[in-house]
Structure formats: structure tokens, C-alpha cells
Amino acid sequence: MSTTTWDIEIQDLWGGYNDTKVLKGINGELPAGKISIILGGSGCGKSTLLRHILGLNRPMQGSIQIGGYDFFALDTKQFRKIRRRMGVLFQDGALLGSLTLGQNVGLPLSEHTKLPQATIRKIVLHKLGLVGLADYIDYYPNELSGGMRKRAGLARAIVMDPQILLCDEPTSGLDPINAAEMDQLLLSMKEHFPSMSIIVVSHDLESLHKIADNVLVINQGQAAYCGNLEGLQSSKDPYLRQLLRRQPNSIKQPSIDLGADIKAELANWLEK
Ligand SMILES: Nc1ncnc2c1ncn2[C@@H]1O[C@H](COP(=O)(O)OP(=O)(O)OP(=O)(O)O)[C@@H](O)[C@H]1O
């Protein structure tokens, strides 16, 4: 099996959980060498799509082509080979509290290779250096800030030099400075690994404008937009404009009368 580029092409993808269809015919491309942002309202299926790209959920219909291969039609050996070329940054960094940063970051190498520990430590040091944490190799996760833990999670995601890097809400829970640093790091990943597909699930519009080359917007289980950032910004589509301008949907607020007796009872309690 040989792949020269790791473009991802999603073709008429239907997927979800048991009888619940969440993705209803998604089409889109996530090109290698670019940062693609998957955007959409809460519950629209962004994480579900990520699970399909990771191979954790099988499509109900349609396919995901990775580097020209139909991912879910591959035999187990080839499927695993592609899976090993994916790195994931989870929302909370997902570090194990009982291991040092170095051991956490080196874990995929210890599990999947027979490299000597000294070599693993050198690779880990290099990767921690890329996220500005080389001096913290022997620290435990609880000795670090939330932003540092996320950066360490990124170091672990790239420790096996993945061709596809998937990041689930990398800036969520970070203050503006740490969020800007994470954006900067993702841009530097693109420079360091020019053929890597970087796929980011995000709600963060500031990040979107700073780092996205390509955007896939999901609405009602389908791709409302897939293309470059400029095209999204100039789109006249009402949903896309609403999304980019953070305009709320009108929320129905039926008035529910409390009733005089409950109001009086409450007032009574408040006076005590
Ligand atoms: N394990 C599961 N079993 C059944 N339904 C699920 C499961 N995980 C998610 N769902 C449902 O699938 C739909 C899409 O969820 P998903 O987490 O993919 O959305 P999302 O766009 O990532 O949301 P958010 O931005 O809020 O994280 C939701 O209706 C959710 O309730």
C-alpha cells in the first residue's frame, strides 16, 4: 500500500449511532497540507464526523477515501496501517495523571514500536520542544496549567509523525492568550509537517479566521459549505452568514404563569 498524498474525501456519508442518523449525506474534501476546520452548531455532528474519520464509527452509507483508498473497504491490516498514521488531540489533552509528561508523550511509541527508551526520550524531547515544553519532560500533568496540558496533548498527537492530525476543540477552555498560542502552534505544525492534513473541530470563530485554509460547515446533517475560507466569508447563504456573525436563533419562550398562591408562598419564605 503506498500513498503519496493524504487527502481525505468524504462521499455521501451517512452515519450516526444505531438507529439515529446524524450525518445525512455529507460530501467534502479535507486536503493534505492544509488546516481544515469543521464548523457547525452544537449537536450538528462534528464529533460524529471525527469519529468516522478516525474509523471508530462505520458509515451507514457512503465512504471516506483516504489517500485514494476507500478506508472502510480496506482489510484489517491496511486499515490499522492508516489508523497508525493519525494523531488525535482530545479536548482535555487526555494525559494520564500517573505518568510524567515524557512518559505520556512517548506512550504511542512505547506501544507501537520496539525503539529503545533512550531513543524514545530523544524523540519525545524533540516533540515537546515543538510545543515549548521541553523543560517540563519530567513534570506530572497536575503540575502544569490547562494550556500546557493541551500543548502536551498536541506533542503526544504528533509523536508518531502522523499524516492526519485531528484536533477536537483545541482552544476550548483556554483563555484568549493560551488560545492564540494554540492557534500559533497549529500554524507551526503546518509548517513543520507540510504534507499533513490538520483537521480541527472548532466553535472558535477567531481561530477560524486565523488558521483555516479550508472549512467544512455542517448543518442538519449535511455539508452546508466546503471550500476555502474566503469563499465562506463572502457567501450570501443566510445560515452561513448567521453562523459567522454569531446571530442567535429566536428561542421560543412560552410564558408560564406561576400562580398567585406559589408567588405568595415564595414571598413568604423570602421574608423569613
Ligand atoms: N454515543 C452516542 N450515542 C447516541 N447518540 C449520540 C452519541 N454521541 C452523540 N450522539 C448524538 O449525535 C448528535 C451529534 O452529536 P455530536 O457530538 O457529533 O455533535 P457536535 O456537533 O460535535 O456537538 P458539540 O459541538 O455540542 O460538541 C447529537 O444529537 C448527539 O446527541
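Hi everyone! Before we start, please keep in mind that we are looking at a predicted model.

Let's begin with the ligand. Which residues surround the ligand? They are Tyr17, Thr20, Val22, Gly40, Ser42, Gly43, Cys44, Gly45, Lys46, Ser47 and Thr48. The largest share, three residues, comes from H1.

Now find strand S9, residues 214-219. Strand S3, residues 35-40, runs parallel to S9, and five bridges join them. If you want a place to start, look at Ser36, which stands opposite Asn214 in S9. S9 also pairs with strand S10, residues 222-228, this time in the antiparallel sense, over six bridges. There, Ile218 has Ala223 in S10 as its bridge partner. S9 and S10 make a hairpin with two residues between them, and Gln220 in the turn has a positive phi of about 50°.

Last stop: Asp70, in strand S5, residues 69-70. Why do we call Asp70 exposed? Because 12 other C-beta atoms lie within 10 Å of its own, and 12 or fewer counts as exposed. Leaving out residues up to four places away in sequence, Asp70 touches Ser63 and Gln65. Asp138 sits 68 residues from Asp70 along the chain, and their C-alpha atoms are separated by 41 Å.

Conventions. Residues are numbered from 1 along each chain as its sequence is written. This is a predicted model: local features need pLDDT of at least 70, side-chain atom pairs count only at pLDDT 80 or more; totals for chains, interfaces and linings use all residues. Helices (H or I, at least four residues) and strands (E, at least two) are DSSP runs, numbered from the N terminus. A residue is buried if 20 or more other C-beta atoms lie within 10 Å of its own, exposed if 12 or fewer, and partly exposed in between; C-beta atoms are placed from the backbone. Two residues are in contact if their C-beta atoms, placed from the backbone, lie within 7 Å. A residue is near a molecule or strand if its C-beta atom, placed from the backbone, lies within 6 Å of it. Two strands pair if DSSP finds at least two bridges between them.
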